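I opened this structure for the first time today. These are my notes, in the order in which I looked things up.

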2 protein chains.
Amino acid sequence: MTSNSIFSLHIPTRILFGCGEIKKLATEKMPGKKAMIVISGGTSMKKYGYLDKVINYLKENNVESIVFDKILPNPIKQHVMEAAQLCRQEKCDMIVGLGGGSSIDSAKAIAIMACNEGDYWDYIPSGSGKGYPVNKVLPVIAIPTTAGTGTEADPWTVITNEELNEKIGFGSQLTYPYLSIIDPELMISIPPQLTAYQGFDAFFHAAEGFIANCATPVSDLYAIEAIRLLYKYLPVAVKDGRNLKARAKVAWASTLAGMVESTSSCISEHSMEHAMSAYYPQLPHGAGLIAISEAYFETFRNDCMKRYMKMSEAMVGLKSNRPSDFIDALVRMQKECGVYGIKLSDWGLKAEDLPKMVQNARSTMGGLFTLDPRPLTDEEVLDIYQKSYK
Amino acid sequence: MTSNSIFSLHIPTRILFGCGEIKKLATEKMPGKKAMIVISGGTSMKKYGYLDKVINYLKENNVESIVFDKILPNPIKQHVMEAAQLCRQEKCDMIVGLGGGSSIDSAKAIAIMACNEGDYWDYIPSGSGKGYPVNKVLPVIAIPTTAGTGTEADPWTVITNEELNEKIGFGSQLTYPYLSIIDPELMISIPPQLTAYQGFDAFFHAAEGFIANCATPVSDLYAIEAIRLLYKYLPVAVKDGRNLKARAKVAWASTLAGMVESTSSCISEHSMEHAMSAYYPQLPHGAGLIAISEAYFETFRNDCMKRYMKMSEAMVGLKSNRPSDFIDALVRMQKECGVYGIKLSDWGLKAEDLPKMVQNARSTMGGLFTLDPRPLTDEEVLDIYQKSYK
């Protein structure tokens, strides 16, 4: 497999990166006058002072703001609808997503529903969504305080329809953030285990995008650099969260992996994980990906051998001559980050739900299966779940 | 030297790349209804049918067009002003630059003057320009038929004020092309020597941007890949212009090097060459750069040793342990492309003009000297010219 020789590149987001760069919120050209700031239902954005910083910098920039603070780790449609209604009432003309991927993804979805009638699922193009076109979206500013989703550099938003157990990624050219500020100083308070879960989410964006059949020369460039940086610096950031150099490298790798999402794509590993956390919303996305990753990448080992070896070389820095070197390096990296051996049963998944998840992965995010290195059968998908179960 | 840890990334241009992609001109969303197509005063755009293709695809897309066909290899202000006036008369609402960097750069400058009063030099922020702000620009579509300038992926336009002997690069966030289509099939007719000149222009965009003191992690990524690709494929494209794989690799490297221009910068090597071709417009830009390159990079050899070794490693594929490996590889690459040993005297430059060119380089493009790995003295600049003279 080689990357496609016909491709496009268009990431319209303005990206500001660096320690302390959050202050640019006070001086950058703003796309509106009144912001809804979207944060999680947890306490950290308030406790660490990030929310106050954002409110004050916006105020310096003549932008007033209101706060919506209910977002769940696996964000749900109900909150998108509720926030969008508030947004219309309060006449907000821009949305700021502050926090992890859940808050930023919600900000994008709210930005859609603030300008479009009906239900959010009316616009979802897969699962039981109706796929109506989206022609207008409020501008979004993304301020990640975790390093993993890459949503600051891609158009995607992943929301769960809690009534239907459908967790679906969706986006268009309109849902790229207007501005993203990645300030690694906002990430030093993330605990070790979450650092690892999120970092592996970024890692799999890059690794999946690198073996996707829609990979391009530009996504390859971003992917290999993200893989290289994460292998080297994620274990450091996990062990010492206050190491700002490691935090910055991991944050940049995560943004690069978001750029992979924008130029190549996730593949079925992400569909499979979405099915898992659609049924078990307490399962962190990164933990779910780690749990299935060894069996998953083992399945494609002989389908893109050169690409596995290239990933291994980027990680280890040594010439590779067998594709399993990549899987060895992946396992080693998970061990160094203290997250090797996560099993689906650890998170309360029931064995009898696995076949249902195979179907859910196909029906809600089936498109990603078409981007796999080769088509997987349902038996193979079930086999990956089962090998990752206990 | 390491790259800056605070940086930004914002390339708003939509880039389409690939053999045959010119046809997308018929289907992409257009930013206007009437185009001025800007081409050179030469015959090739007509002879090879590229102009007809562009006119016809635009027509399919409901865009009518007029043609301005006077651009010189070193494009001059007079033509910018003349075309901009025609553009207003004809009520064109978009500009298509078709051809080499001269045509695309002119398209950008015409797009400025179609919306702004007075003289083009009123807006130039250096030399004897007045530096007035530019607030509006017509949308530009860039269709390169050469691989070198990278102007399809950066905001810069380099125009010569023929009365003042000032050749100055200028641009802003507004002068990024709206859309760029890089179709390597349009490049197969470039003769070997021009292929080499243009390819080395791209090479120096990447190499200068890599050792610039404003280099960033993202410009580094683009630069090293451009350097790697050009070392490997430029000699192939020079020797066999019909080798589409080599043409495509060189074209993509040139676009990547344009992205380096957008995320890092050229340094004083470009200022020095602009001074040369401001006085000797018959000197091709790439040939001028090649002529001074060995002495130029020799001058900084001990100022960014690690970066020279990294460039060498990207070129040769072997571990480097001395910075001169880069200069050796550069010389070898020039020999393989049949352009080693170009001297300024070969192009009719007069020895007594060299001190004047030192001053011109400083006064017209002095800003780039501040981005050098270390400050150069006037004596050193003169020394580079003299070593490259005969």
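Entry 1: I am working from a predicted model. I then looked up where A:Trp156 lies. A:Trp156 sits in the loop between E6 and strand E7 (157-161) of chain A. Leaving out residues up to four places away in sequence, I found that A:Trp156 touches A:Thr151, A:Gly169, A:Gly171 and A:Glu261. I also checked A:Cys19 against A:Trp156. The two are 137 residues apart in sequence, and their C-alpha atoms are 25 Å apart in space.

**Entry 2: domains of chain A.** Next I looked up the domain bounds. Chain A has a domain 1 (14-186) and a domain 2 (191-387). Taken over C-alpha atoms, the centres of these two domains of chain A are separated by 25 Å. Their contact uses 27 residues from domain 1 of chain A and 31 residues from domain 2 of chain A. I asked which elements give two or more residues to the domain 1 side of this contact. They are strand E2 (14-17) and strand E8 (166-170) of chain A. E8(A) gives the most to that side, with four residues. By type, the domain 1 side splits into 11 nonpolar, 11 polar and five charged residues.

**Entry 3: the sheet.** I traced an open sheet of seven strands with mixed pairing. I wrote down the order as E4(A)-E3(A)-E5(A)-E6(A)-E9(A)-E2(A)-E1(B). Which strands are at the edges? Strand E4 (64-71) of chain A and strand E1 (7-9) of chain B are, since each pairs on one side only. From one strand to the next, the twist averages 15°.

I took one pair from the sheet for a closer look. Strand E5 (residues 94-99) of chain A and strand E6 (residues 140-144) of chain A run parallel, with five bridges between them. A:Ile95 has A:Val140 as its bridge partner in E6(A).

Then I looked for helices on the sheet. Helix H3 (residues 77-89) of chain A packs there and touches strand E3 (34-40) and E4 of chain A. The direction of H3 makes about 165° with that of E4(A). Helix H4 (residues 101-113) of chain A also packs on the sheet, touching E3, E4, E5 and E6 of chain A. The direction of H4 makes about 165° with that of E5(A).

**Entry 4: where the chains join.** I went back to the strand from chain B. E2(A) and E1(B) run antiparallel, joined by three bridges. A:Phe17 has B:Phe7 as its bridge partner in E1(B).

Across the whole contact, I found 19 residues of chain B against 19 residues of chain A. On the chain B side, E1, strand E2 (14-17), helix H6 (217-239) and helix H7 (244-263) each supply at least two residues. E2(B) gives the most, with four residues. The chain B side divides into 12 nonpolar, four polar and three charged residues.

**Entry 5: symmetry.** Last, I superposed the chains. A rotation of 180° with 0.0 Å of shift along its axis puts chain B on chain A, at an RMSD of 0.0 Å. That is the relation of a two-fold axis. In chain B, B:Pro12 has the C-alpha nearest the axis, 2.4 Å from it. Both copies use the same surface, as 100% of the contact residues of chain B recur in chain A.

Conventions
Residues numbered from 1 in each chain as written. Chains lettered and ligands numbered in written order. Predicted model: local features only at pLDDT ≥ 70, side-chain atom pairs only at ≥ 80, totals over all residues. Domains from an automatic or database assignment. Contact = placed C-beta atoms within 7 Å. Nonpolar A, V, L, I, M, F, W, Y, C, P; charged D, E, K, R; others polar. Pairing = 2+ DSSP bridges. Axes fitted to C-alpha atoms, helices over the stretch in contact; angles between N-to-C directions. Least-squares fit on C-alpha atoms with pLDDT ≥ 70 in both.
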